[in-house]
Amino acid sequence: MAELVYRPVVGLAQTLFKAWDLKIDCKGSENIPRSGGAVLVSNHISYLDFIFDGLAALPQKRLVRFMAKESVFRHRISGPLMRGMKHIPVDRNQGETAYAHALESLRSGEIVGVFPEATISQSFTLKSFKSGAARMAQEAGVPLIPVALWGTQRLWTKGHPRNFKRSHTPITIRVGEAMEASRDKYAGAITRQLRERVQELLEAAQRAYPVRPKDANDTWWMPAHLGGTAPTPEQVREAEAR
C-alpha cells in the first residue's frame with residue numbers, strides 16, 4: 001500500500017534535522033527485522049521520541065505505527081498526519097480498542113511502537129513499564145525490540161521550552177537485539193526483562209553521549225543520579241500526587 005503521508009513526513013523531518021544540525025548517532029538498527037511484525041519498545045523523555053524511534057527503523061526500510069493518546073488525533077494539524085501515517089489512537093477509557101487495532105497491525109506484518117512508561121519521564125530515568133507491549137507480542141507471536149533514546153529531552157520535553165534553533169544537539173539512539181515473547185512465560189516477567197534491557201541500552205546511550213552540561217545552569221536535562229538537576233523519581237511522584 002502506498003504511503004502517501006508517512007514518507008513525505010519522514011523526508012520533512014530529515015530536512016528539519018539537517019537545518020537544526022542535529023548530530024544523530026544511531027546504532028543497532030540491524031536488530032529491527034526487515035519483514036514481519038514486531039513491537040518496538042522505547043523509553044520516553046521527549047515529545048519527539050516517536051520521530052527518532054521511527055528514524056532508527058529506516059535503514060531496514062521499515063515504518064513504525066505508534067500507539068499515541070487519542071487527543072493527538074483530534075488536533076487540527078497533527079490529527080490528519082497521525083491518521084495518514086496509520087498510527088494507532090489510544091483512548092485510556094477504552095484501551096481494548098487500541099489493543100485490538102495494534103494486534104491486527106502486528107499480525108499483518110507491521111511494526112508497532114509502544115512507550116510502556118505511558119507518559120514522559122520528567123526525571124529522565126525509566127519509570128515502571130506497563131505489560132501491554134509484552135502481552136501484545138505474546139498474542140501476536142512477534143518479537144520485542146528494545147530501544148533507548150538520549151538527548152531528545154534537550155529539544156522538547158515536558159515542563160521546558162522547545163529548542164528548535166540550530167543548536168548542534170547530539171541525539172543518541174541504541175537499538176537492542178530482539179527479545180522473544182514466549183507464550184508460556186508470564187507477561188510480567190517478560191516486562192521486567194524488557195525494562196532491564198532498555199535500562200542497559202539507556203546507560204550505554206548516556207555513556208556514549210558526547211556532551212556534558214556547560215555550567216550550573218545547563219544541568220536540567222541530566223538526571224539527579226548523574227549529577228544533574230532534573231527532579232528525582234520520588235520528587236516527580238510527590239508533585240503528581242499534589
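**Close-up views of a predicted chain**

**View 1. Leu58 and its neighbours.** Not counting residues up to four places away in sequence, Leu58 touches Val10, Gln14 and Leu63, where a contact means heavy atoms within 4.5 Å. You can find Leu58 in the loop between helix H2 (49-57) and strand E3. Helices (H or I, at least four residues) and strands (E, at least two) are DSSP runs, numbered from the N terminus. From C-alpha to C-alpha, Leu58 and Ile32 are 9.5 Å apart in space and 26 residues apart in sequence.

This is a predicted model, in which local features need pLDDT of at least 70, side-chain atom pairs count only at pLDDT 80 or more, and totals for chains, interfaces and linings use all residues. Residues are numbered from 1 along each chain as its sequence is written, and side-chain values use heavy atoms, with hydrogens and water left out.

**View 2. Leu4, ahead of helix H1.** Leu4 sits in the segment before helix H1 (6-19). Leu4 counts as exposed because its relative accessibility is 72%. Between Leu4 and Ala57 there are 18 Å in space, C-alpha to C-alpha, and the two are 53 residues apart in sequence.

**View 3. Helix H6 and what covers it.** Which residues of helix H6 (residues 132-140) are buried? They are Ala133, Ala134, Met136, Ala137, Gln138 and Ala140. Their cover includes strands E2 (38-42), E3 (64-69), E5 (111-114) and E6 (144-150), along with helices H5 (95-107) and H7 (187-208). After H6 comes Gly141, whose phi is positive, near 70 degrees.

**View 4. Stepping back to the whole chain.** Here you can look for eight helices and seven strands. The radius of gyration is 17 Å, close to the 18 Å that the globule rule gives for 242 residues, so the chain is as compact as a globular protein of that length. This radius is taken over C-alpha atoms, and the rule is 2.2 Å times the number of residues to the power 0.38. Buried residues make up 47% of the 242 residues.

**View 5. Confidence along the chain.** The chain averages a pLDDT of 95, pLDDT being the predictor's confidence in each residue, from 0 to 100. Confidence is lowest in helix H3 (residues 70-74), at a mean of 92, and highest in E6, at 99.

Definitions and conventions
Buried means under 20% relative accessible area, exposed over 50%, partly exposed in between (1.4 Å probe, protein chains only).
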